[in-house]
Amino acid sequence: MGLAKLIGKRVAGALLVIFGELVLVFFLVNVAAPNPASIWAGPEASPEQIQIITQLYHLNSPWYIQFLYYVKNFFTGNWGISPLYQTPVIQLVEEYLPVTLELAVISLILKLIIEIPLGVLSGLKPNGFLDNAIRIIYTVTRSVPPFFVALGLLLVLAYDVHAFPASYPVDPILALKEPKFEIYDPFNGKYYPFWFFDNMPILNALLVGDFSAFASALDHAILPALSLTLFGFGGITRLSRNSMIEALNMDYIKTARAKGLRERVVIYRHALRNSLLPTITLSSVIFAGSIQGALVVETIFNYYGMGYYLAQSLLDLDTPSLLAGTVVVTIVVVISNLVADILYSVVDPRVRETV
Amino acid sequence: MPATYTNLLQVENLEVEFNAGGRIIRAVDGVSLGIGEGETFTVIGESGSGKSTLALAILKLIKIKEGRIIFKGEDITNLKESQMRSIRKEMQIVLQDPYLSLDPRLRVGDIIREPLLPLGEKGEEKVGEVLNLVGLDPGVATRFPHEFSGGQRQRIAIARSLISDPKFIVLDEPTSNLDVSIQAQILNLLLDIQEKRKVSYLLITHNMLVAKYMSDNVAVMYSGKIVERGSAREVIGKPLHPYTMELLNVTPTKGFMERIRKLEFIQEGEVPVKGCRYANRCRFAKEVCRTTEPVLKRVSQDHEVACFLY
Amino acid sequence: MSARTVLLSSKTLLAGAVIIVGFIVLAIISALDLKLLTPYDPNKINFALANLPPSTAHLFGTDSEGRDVFTRVLAALPNDVAIPYIIAGASALIGGLVGMISGYVGGLVDEGLMRFTDIFLAFPGILLALAISTILGQTHVAERLYFSMIALIVVNWPIYARLVRSQVLQVRGMPYITLAKAAGLTRWEIMRRHIIPNILSLVIVYITLDMGTIILFYSILAFFGLGAPPPTPELGRMVYDGLTALPGNWWSSVFPALTITLMAVGFSLFGEGLRDYLDPRGGDYVRRANA
Amino acid sequence: METTSEELTLKVEDLWVSYYLEGREAFAVRDIYLDVGKGEVVGVVGESGSGKSTLAHAIIGLLPRNSRISKGRILFKGRDITKVKTDQRYLYRGTNIFMIFQDPMSSLNPTMKIRDQLQEAIDVRSGRRGWSVGMWKPPKGDNEEEIVDSLERVGIKRPRVIMEKYPHQLSGGERQRIMIAMAYLLKPSLLIADEPTTALDMITQAQVMRLLSELRENLGLSVLFISHDMVLVGQIADRIVVMYAGKAVEEGKAEEIIESPMHPYTKGLINSIPDGYKNEKRIESIPGSPPNILKLPSGCSFNPRCKLAMEKCISEDPETRVLGGRKVACHLY
């Protein structure tokens with residue numbers, strides 16, 4: 001009942017955010033920047049190239065016309081050509097985005113698995129020895145910049161111990177060769193290979209059944225994934241600790257105990273369930289943080305994902321890539337917020353009602 | 001509208017509406033009442049009856065949809081806030097929760113002095129005076145609210161309401177968060193103040209015993225409407241409306257258990273859209289109650305009731 | 001309760017305060033005269049001294065161009081310490097203003113402002129800031145630092161707007177506000193007398209907790225070369241530059257990274273301690289009792 | 001020894017409960033003796049801060065983390081439950097001692113259906129308390145009829161609809177009925193009701209009071225009824241204990257205490273209840289406020305508020321005396 005309405009409302013909000021991002025990016029480049037054509041074309045563009053670009057992006061038209069073209073181009077997948085790679089941006093995004101998503105999902109899972117139990121342990125006996133130790137740890141780890149984590153792991157585990165490779169050159173293409181997923185297009189009646197999962201090296205190797213590729217992909221992903229896990233580590237611990245303490249102070253916990261339930265049933269069925277609710281929302285924030293942390297981490301490990309691609313476009317002033325990438329990451333973030341919102345309302349009956 | 005006395009405050013046909021998520025709720029629906037000088041008028045009702053909304057509306061703190069408020073012969077219904085400034089010092093309010101009604105960041109003296117602020121008065125010596133009046137040491141003015149117990153805080157709140165020498169004070173459940181021994185102190189204090197300063201009270205309460213002890217006139221409110229009105233002795237002593245009777249029956253006094261064992265509770269159904277609002281809960285509901293809305297009818301000198309039984 | 005007793009009430013708070021003040025002092029001295037702290041020139045390239053490991057002469061070693069890393073870290077401090085304060089202050093001011101208007105005026109104004117805020121809030125902050133300062137900084141290399149700061153303010157203010165709004169709404173619903181209205185106080189008087197004092201402490205706690213995040217964000221921008229332009233040393237950029245000398249010369253990226261971490265940890269400790277003190281829902285009294 | 005402890009459901013002896021506050025130990029319950037016989041209703045009356053709620057929490061073993069039982073025994077059916085290890089205390093809750101709390105709005109789990117919360121009570125009563133009954137959710141048992149029956153007993157119409165709802169969809173009165181339904185399912189020997197009607201409207205209060213008395217008649221359980229309302233307690237209880245600043249100042253049969261209170265505090269409480277019309281007769285109030293347990297006055301804790309206080313009251317804490325079936329702790333007797 002309330003759920004459909006809620007989803008509708010959230011989707012509308014998400015579309016608004018995406019539109020807002022498009023407007024912002026457009027104004028940033030086409031209005032605020034002094035010479036949009038040279039920004040689009042790249043710093044080393046020749047006058048002829050700039051000429052072409054000016055026409056291609058309608059840069060001589062009034063700004064609202066430019067904006068219409070800009071929006072139209074965006075939704076038709078015409079995201080420009082990267083001056084750095086000399087390739088359509090959309091192809092680059094298709095290639096790099098899944099790699100980072102895979103990494104971010106792995107690190108989110110790792111985070112949840114490690115951080116929630118720590119938070120719960122901490123919250124069960126507030127101000128006990130264990131709690132104080134965990135709190136000190138997360139107060140520090142929460143403030144560690146992503147490059148410091150990556151650097152530490154790189155130096156110790158890759159260079160010093162040689163436990164893992166220091167940079168990516170797995171055969172990055174290896175997995176891409178055998179498309180596994182196909183999407184049916186009802187208009188053409190044809191099947192298309194679906195790049196999304198194919199471009200995730202670990203998942204694809206697994207699905208294709210190539211275990212040496214899988215092992216290699218995993219081997220290379222471990223350090224970057226671990227870096228992302230440790231970047232901002234403790235946010236979830238802190239939240240689940242505090243919400244555990246809060247939940248344990250609620251009267252319904254007293255009721256559950258007064259009923260004669262065993263303490264562990266009280267904790268799992270009553271306290272934990274309710275204290276995990278805010279974690280759902282935070283997870284989407286953490287996920288967004290991981291994708292952005294990937295900029296630094298993938299750069300350090302030369303891990304060819306969206307973060308690496310965006311970092312290169314930053315450094316080499318590949319503006320079409322940077323802009324499209326920013327919008328795409330925004331969309332990913334918005335979708336993850338959306339998923340968290342919906343998940344939350346499925347778990348918490350109170351939210352469904354208030355919409 | 002019947003006006004048996006020259007009234008300090010006259011409220012006529014007041015309506016207040018809220019928009020609760022798209023649904024219009026009429027919290028106060030055509031309420032009229034009059035309060036004479038030095039009198040206490042009490043509005044009795046349960047939570048959700050609209051009694052607190054009525055109090056806020058009379059002080060013009062929320063939007064009024066319809067009706068008139070006449071204070072000291074002047075119609076203040078449509079006055080702008082800037083025009084209200086001179087009138088506000090004449091009308092004060094004491095709220096229910098003494099823990100939340102004092103700003104924790106301000107000293108007691110500053111809290112008490114606040115009503116003088118719009119008047120541009122300092123009122124240092126007045127603070128000591130009202131603190132004395134409510135039985136507190138004038139020295140407490142420099143302390144912070146958290147240093148006081150609930151009863152003392154309520155005394156501070158009362159002192160605050162007195163500083164501008166008002167003629168009229170709204171008391172919105174002033175004792176319902178207090179222990180019974182403290183409640184007695186506060187009720188007696190309020191009666192003393194009324195004797196000394198001849199102020200009028202509009203008392204809002206759900207407690208029949210408090211209403212009986214404090215009031216000259218009372219009105220019983222149900223779902224935004226006054227269902228019975230009159231002098232305290234008439235309404236509480238000889239209740240006519242089934243709702244008033246129910247409220248009296250559930251008041252914990254001697255014989256409470258025997259009474260409630262015999263009572264037939266008709267459970268909280270929806271408030272009907274048509275007819276008498278109490279009909280769904282009423283033991284005596286007749287056909288007419290479900291179709292026509294009863295209006296207040298005078299049954300004796302000081303007694304009106306809105307019920308088809310009379 | 002005096003500031004001193006508050007500080008001493010918690011080790012976390014004290015440790016945080018020591019770190020924060022320590023960095024401020026170092027930054028001020030470094031800004032006044034770097035020679036008071038170190039004999040080296042932060043920008044003098046000398047390949048003869050390249051890649052020296054940490055020693056008593058070069059506490060943090062030297063980088064691949066022979067510059068003393070310790071000196072460069074100190075020289076970077078004035079910028080790297082001050083900028084997060086400016087960003088946090090400006091974000092809090094802008095966000096606070098929006099939040100206050102939104103929360104206090106309510107209605108359509110609130111609805112509009114909050115939609116606007118939500119859009120900004122949903123953006124991936126670091127990436128957006130990177131994009132903004134990259135694009136605007138392309139043609140204005142000298143002003144790049146300002147663009148970075150503006151970019152970080154742009155992505156940071158919405159959090160404050162949300163926080164302040166929710167606090168204003170909470171305080172606005174308090175009975176003492178009803179009383180103030182009944183007394184005839186104007187909106188502005190109520191805001192100044194009741195609302196601002198009551199939300200201030202929470203906003204300050206939030207700022208200190210947020211400072212750590214801002215330091216991290218800024219260091220990421222600096223990592224990609226969007227901080228202060230050369231020759232001014234930048235901690236984030238030093239980390240990036242040091243990457244090329246890996247694995248041999250680890251010290252020229254590790255020490256700047258460590259410095260950033262320590263700065264952020266200081267605020268994290270301080271903010272966490274302050275929050276505990278002001279909002280001891282974790283059962284603070286137990287700890288005090290057992291101590 | 002008038003009665004053997006086996007006949008009593010609950011016997012509290014010399015109970016002291018303390019809190020750690022501001023770095024020291026402060027006593028919220030001091031030297032309490034309390035007997036609750038089988039099927040008896042004992043009322044505990046006192047103002048806020050009198051320790052009545054702490055006493056209740058101590059009996060059911062749900063004291064907050066910063067408090068402890070520092071002395072005394074709590075005998076439940078003859079066994080001292082203060083000696084039971086913390087991780088075994090749950091065995092004494094539910095089917096033995098159950099408690100209903102003041103605020104029905106927060107005493108039910110907001111993310112669990114009413115049905116599941118009642119099912120848990122059945123599980124406990126049938127001895128299914130462990131892992132096997134499900135970590136996240138009690139399994140849907142075949143106890144639906146029993147749940148419906150319990151809801152009907154507490155006067156809930158459409159029980160099959162209500163049991164599929166979540167707590168926030170119900171009114172305060174309905175939630176308190178659910179708590180009573182839970183008691184029907186658990187069938188405890190002792191029910192502690194801690195101000196069960198304070199948060200409710202007058203009419204709802206009356207309904208809940210009636211349900212409680214029906215529950216007691218139907219199950220024959222013992223009740224410890226805690227309230228600040230002297231009249232309410234006087235109406236439902238067989239015996240009353242009046243508490244002040246953590247101590248029992250007076251104890252006796254309900255009617256006797258209401259009709260002829262002995263302790264000045266009890267008298268004050270009764271006289272504080274508004275009675276009569278305006279300008280008829282002023283009620284007598286007790287001056288001052290209840291003391292803070294961190295700063296208890298010397299001698300009798302009530303002496304600063306007592307009109308009859310003597311020098312002895314300031315120097316010496318009165319012993320509890322037994323006077324013809326009544327107990328009173330006051331130097332006047």
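Reader: How many salt bridges are counted between chain C and chain A?

Author: The count there is two salt bridges, a salt bridge being a side-chain nitrogen of Lys or Arg within 4 Å of a carboxyl oxygen of Asp or Glu. Before we go on, this is a predicted model: local features need pLDDT of at least 70, side-chain atom pairs count only at pLDDT 80 or more, and totals for chains, interfaces and linings use all residues. Side-chain values use heavy atoms, leaving out hydrogens and water, while residues are numbered from 1 along each chain as its sequence is written, with chains lettered from A and ligands numbered from 1 in the order in which they are written.

Reader: What makes the side chains of C:E272 and A:R142 a salt bridge?

Author: Their N to O distance is 3.7 Å, and that is within the cut-off, so the Glu and Arg pair qualifies.

Reader: Which elements give two or more residues to the side of chain C that touches chain A?

Author: They are α4 (107-122), α5 (125-139), α8 (187-223), α9 (235-243), α10 (251-278) and α11 (284-290) of chain C. Here helices (H or I, at least four residues) and strands (E, at least two) are DSSP runs, numbered from the N terminus. The largest share, 13 residues, comes from α10(C). By class, this side of chain C has 31 nonpolar, eleven polar and nine charged residues.

Reader: Which chains have the most contacts among the pairs that touch?

Author: Chains A and C do, out of five touching pairs, with contact meaning heavy atoms within 4.5 Å. The contact takes 51 residues from chain C and 54 residues from chain A. Its buried area is about 4,600 Å², and carbon and sulfur atoms give 75% of that. Buried area is the accessible area (1.4 Å probe) that two parts lose on being put together, summed over both. Chains A and B, on the other hand, do not touch, and their nearest C-alpha atoms are 9 Å apart.

Reader: What makes D:D14 count as buried?

Author: Buried means under 20% relative accessible area, exposed over 50%, and partly exposed in between (1.4 Å probe, protein chains only). D:D14 has 17% relative accessibility, so it counts as buried.

Reader: Why does the pair of D:D14 and D:K71 tie together parts that are apart in sequence?

Author: Because D:D14 lies in strand β1 of chain D and D:K71 in strand β4 of chain D, and the parts are 57 residues apart in sequence.

Reader: How do you know that β1 and β4 of chain D are joined?

Author: Two strands pair if DSSP finds at least two bridges between them. For β1(D) (residues 8-21) and β4(D) (residues 67-76) there are eight, so the strands pair, and they run antiparallel. β1(D) and β2(D) form a hairpin with two residues between them, and D:E22 in the turn has a positive phi of about 45 degrees.

Reader: What is the order of the four strands in the open sheet of chain D?

Author: The order is β2-β1-β4-β5, with antiparallel pairing. β2 (24-37) and β5 (79-80) of chain D are the edge strands, each pairing on one side only.

Reader: How do you know that D:E144 and D:R115 meet in a salt bridge?

Author: Their side chains come to 2.8 Å, N to O, and that distance is within the cut-off, so the pair counts. The pair links helix α3 (residues 144-153) of chain D, which holds D:E144, with helix α2 (residues 114-125) of chain D, which holds D:R115, 29 residues apart. D:R115 has 9% relative accessibility, so it is buried, whereas D:E144 at 29% is partly exposed.

Reader: What makes B:E121 partly exposed?

Author: B:E121 has a relative accessible area of 38%, so it falls in the middle class. Its salt-bridge partner B:K126, at 3.7 Å, N to O, is partly exposed too, with 23%.

Reader: Which residues of chain B are linked in a network of salt bridges?

Author: B:E15, B:E17, B:R26, B:D29, B:K65, B:K225, B:R277 and B:E293 are. Over all chains, the structure holds 69 salt bridges.

Terms used: Ala, Val, Leu, Ile, Met, Phe, Trp, Tyr, Cys and Pro count as nonpolar, Asp, Glu, Lys and Arg as charged, and the others, Gly among them, as polar.
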